[in-house]
Amino acid sequence: MVQAQAIPESQLTTPERLSASFAEVARSVEKAVVSIEAKGRIPNPNETGGEPKEGEDILEFFRRQMPRRAATSVGSGFIVDPAGYIITNAHVVDESTRIKVKLGSGEEYIAEVVGSDEETDIAVLKIDAGKDLPVVKMGDSARAQVGDWVLAMGSPFGLAKTVTAGIVSQTLRETPYASAFQKFIQTDASINRGNSGGPLVNMNGEVIGVNSQIATSTGDSNGIGFALPSNEAEYVYRSIKADGHVRRGYMGAILDSVKVEYAKVYGLKEAKGAIVTEIRDPAAAAAAAGLQAGDVITEFNGIPVESAQDLIAKVAATAPKTAVSITYLREVGTELETRTAKLTLGERPNSAVKSSSGAETRKMPVDKAAVEPKPFGLTVVELNAETAKTYNAVGQKGVLVKDIDPASFIADMKAANGSDAIGEGDVIQRINRDVVTSISSFTTAAAKLKKGDPVVLHIKSFIPATRSLQLKVVQFTVQ
């Protein structure tokens, strides 16, 4: 039996030593931490002008005549260059018309936005103080370990110079609404509204993260905060300072990761690779190279691809206009053929396409008598001319998802972006390697499966933001 070695008493950290360390770190950093107040103008949502409406209270009438009101957001930031360059979160200063920065000394300056990056939620500000300013020391976030002590600094609720302590709870943490470039350092150091953009600091007084998000049920700290790693933030800062924006490589394809179920169904040795689910941009590199939905990219410039996120990171880290090679698998009959392609990367657009919050949802005009419950908790119907038109699936083959049993395991499944893995109006076209053209073929393919079997569904889903059908590869194990 191997016994753990005792830590020498000289190396033990007493509460007094730890407290002194916290104080020393806070003193070394706080002069470079700033409070940010961003003001914008938003329109009064109420109708203005005209005469009082019938029965309208006169005070309500006058309230409708009030001018547009100011919208104010409060956040934090930190100085990274003596000339007055500041890193903060983009959401703190988005759509602002006037930004005021308050230094630790109490001095206030008007700031300009040098540039921002929506993918990482980082913005760079510049103030002109007419003198050199104190700066933080940037650390290597890749060296952060679970259990390390950290301090979160900023202005929660507008309370400047607030310091909270905690540990690194996890690294490379993905959150439901994060972009492909946001793999956070998770911490239990208290982070609240107003902390956004402030530094997460290690015990060497180095910034290892930018406080960006919290997981909360109340809007305030629940002990789960997320900071963008300093290595990513520093890269974005230097790119914005040099070019005004971040230049990333771009293929023009939507990707999903190969999971265990996909590997089992398709006979892959490992659950690694990135599945092309849609060729988003017909003028981009992926389309020019002849890639198709369903292809599985396994190597990028000779380096194995672990997942969709891994490939996105590799592509983004490669400069636009760079020639690269990829290796991919294409299904031909019952075989997966290994192919290679050369392509020249484009430049990734500044922001990803967002879904429209006002997208119209429509119920399917079918007789309830024609609806039957089906496997996996899914209720599906035949895809005919009427339903295809209603759900923007004209020309597609398969069965259409009408309903999902809320008690089924599929109802709890989420896609990488946090949305439901399967939704009403989705068209199921394949179960594993069986083509689905009708309810009968869907039932037959599903009947072959038993508890514990891997399942890969090929689904076409209409995306309102792009008015196009996208391939979704849903992977799970029968429960």
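Q: Is Glu95 buried or exposed?
A: Glu95 counts as exposed, because its relative accessibility is 79%. Buried means under 20% relative accessible area, exposed means over 50%, and partly exposed lies in between, with a 1.4 Å probe and protein chains only. This is a predicted model, in which local features need pLDDT of at least 70 and side-chain atom pairs count only at pLDDT 80 or more, while totals for chains, interfaces and linings use all residues. Residues are numbered from 1 along each chain as its sequence is written, and side-chain values use heavy atoms, with hydrogens and water left out.

Q: Where is Glu95 found?
A: Glu95 is in the loop between α3 (90-93) and β4 (98-102). Helices (H or I, at least four residues) and strands (E, at least two) are DSSP runs numbered from the N terminus.

Q: And what is its phi?
A: Glu95 has a positive phi of about 60 degrees, although it is not a glycine. Most residues other than glycine have a negative phi.

Q: What about Phe376, what is its phi?
A: Phe376, also not a glycine, has a positive phi of about 65 degrees. This residue lies in the loop between β22 (372-373) and β23 (378-382).

Q: Buried or exposed, that one?
A: Phe376 counts as buried, because its relative accessibility is 11%.

Q: Stepping back, how many helices and strands does the chain have?
A: The chain has nine helices and 28 strands. Of its 479 residues, 45% count as buried. The accessible surface comes to about 24,700 Å², and 50% of that belongs to carbon and sulfur atoms; these areas come from the Shrake-Rupley method with a 1.4 Å probe, and for residues only the protein chains shown count as cover.

Q: What is the mean pLDDT?
A: The mean pLDDT of the chain is 82, and 81% of the residues reach 70 or more. This value is the predictor's confidence in each residue, from 0 to 100.

Q: Where is pLDDT below 50?
A: Residues 61-70 form one such stretch, with 31 contacts in the model beyond near neighbours in sequence. Over residues 352-373 the pLDDT also stays under 50, and the model has 33 contacts there beyond four places in sequence. A contact means heavy atoms within 4.5 Å.

Q: Changing topic: how many salt bridges are there?
A: The count comes to 22 salt bridges. Each is a side-chain nitrogen of Lys or Arg within 4 Å of a carboxyl oxygen of Asp or Glu.

Q: Which residue does Glu206 pair with?
A: Glu206 forms a salt bridge with Lys137, and their closest N and O atoms are 3.7 Å apart. Glu206 lies in strand β12 (residues 206-214) and Lys137 in strand β7 (residues 137-138), so the pair ties together parts that are 69 residues apart in sequence. Glu206 is buried at 17% relative accessibility, whereas Lys137 is exposed at 52%.

Q: What about Glu331 and Arg430?
A: Their side chains meet in a salt bridge at 2.9 Å, N to O. Because Glu331 is in strand β19 (residues 323-332) and Arg430 in strand β25 (residues 427-431), the pair ties together parts that are 99 residues apart in sequence. Glu331 is partly exposed, with a relative accessible area of 26%, and Arg430 is buried, with 17%.

Q: Which residues are linked in a network of salt bridges?
A: Glu37, Lys39, Lys100 and Glu108 are linked in this way.

Q: Now the largest nonpolar core: which residues touch the most other members?
A: Ile36, Val93, Val101, Leu103, Leu125 and Ile127 do, in a core of 43 residues. A nonpolar core is a set of buried Ala, Val, Leu, Ile, Met, Phe, Trp, Tyr and Cys residues joined through side-chain atoms within 4.5 Å.

Q: What does Leu103 touch?
A: Not counting residues up to four places away in sequence, Leu103 touches Val34, Ile79, Tyr109, Ile127 and Leu133. There is also a second, separate core of 25 residues, which includes Val380, Phe409, Ile431 and Leu457.

Q: Last one: where does Ala271 lie?
A: Ala271 lies in the loop between α5 (260-266) and β16 (274-279). At 32% relative accessibility, Ala271 counts as partly exposed. Beyond its neighbours within four places in sequence, Ala271 is in contact with Val258, Lys259, Val260, Ala263 and Glu306.
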